[in-house]
Amino acid sequence: MIDQTATATATLAIPLDGLTITAPPPEMLSQKNVESVTGIPARVFLDTIRAPGFPLLITKLGKLRLVQREAFVAYLRALASEPASRRTTEADERTRVAAVLASAGLESVPCPRTDRASAPPAATSRARLPPK
């Protein structure tokens, strides 16, 4: 008869490259971990959460900005599913800006976007309001 309570002990050697350790994704995203979790650069993340009308709760800890991962991913999916309405909103914004400038006797001057801060071109002159 075999004893059912008997145990055996063995040592097993597994090479480190044969192991895959998977940690659960973080509950909160910040500018420090957003790229490794979602692939979005920190600068894009910060610009997105600072945009007017960003609908999610942002927790501020010093300079660190945190949002819930699941809610942020859902927000990104919603943006991806409605690109036409977003373009319409951006066009409406440009129209409102043009109307405000026109009421002041000014007009918008298109400048190429470099996504970097830079000085205006040398040929650009500063706009002045017309004399009264």
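Predicted model: local features only at pLDDT ≥ 70, side-chain atom pairs only at ≥ 80, totals over all residues.
Let me start with Asp47, which is partly exposed, with a relative accessible area of 46%; on the scale I am using, buried means under 20% relative accessible area, exposed means over 50%, and partly exposed is what lies in between, computed with a 1.4 Å probe and protein chains only. Residues are numbered from 1 along each chain as its sequence is written, and side-chain values use heavy atoms, with hydrogens and water left out.

Asp47 and Arg43 meet through their side chains in a salt bridge, at 3.8 Å from N to O, where a salt bridge is a side-chain nitrogen of Lys or Arg within 4 Å of a carboxyl oxygen of Asp or Glu. Both residues lie in helix H2, 4 residues apart, which is about one turn of the helix; helices here are DSSP runs of H or I with at least four residues, strands are runs of E with at least two, and both are numbered from the N terminus. The search of the whole structure finds 2 salt bridges, and Arg69 forms one with Glu70, the closest N and O atoms being 3.9 Å apart. In that pair Arg69 counts as buried, at 16% relative accessibility, whereas Glu70 is exposed, with a relative accessible area of 57%.

Now, staying with H2, which of its residues are buried? In this helix, residues 42-50, they are Phe45, Leu46, Thr48 and Ile49. They cover an arc of only 160° around the axis, taken from the directions from the helix axis to the C-beta atoms, and this puts them on the same side of H2. The buried residues of H2 pack against strand S1 (28-29), helix H1 (34-38), strand S3 (64-68) and helix H3 (69-81), with contact meaning heavy atoms within 4.5 Å.

That brings me to the aromatic rings. Rings of Phe, Tyr and Trp (its six-membered ring) pair if their centres lie within 6.5 Å, and planes under 30 degrees apart count as stacked, over 60 as edge-to-face and the rest as tilted. By this rule the count comes to 3 aromatic pairs. The rings of Phe45 and Phe72 have their centres 5.3 Å apart and their planes at 75°, so this pair is edge-to-face. Because Phe45 lies in helix H2 and Phe72 in helix H3, the pair ties together parts that are 27 residues apart in sequence. Phe45 is buried, with a relative accessible area of 0%, and Phe72 also counts as buried, at 0%. For Phe54 and Phe72, the ring centres are 6.4 Å apart and the planes are at 50°, so the pair is tilted. Phe54 lies in the loop between H2 and strand S2 (59-61), so its pairing with Phe72 in helix H3 ties together parts that are 18 residues apart in sequence. Taken together, ring pairs link Phe45, Phe54, Phe72 and Tyr75 into a cluster.

Finally, a word on Lys32, which is found in the loop between S1 and H1. Is Lys32 buried or exposed? At 74% relative accessibility, Lys32 counts as exposed, and although Lys32 and Leu64 are 32 residues apart in sequence, they are 8.2 Å apart in space, C-alpha to C-alpha.
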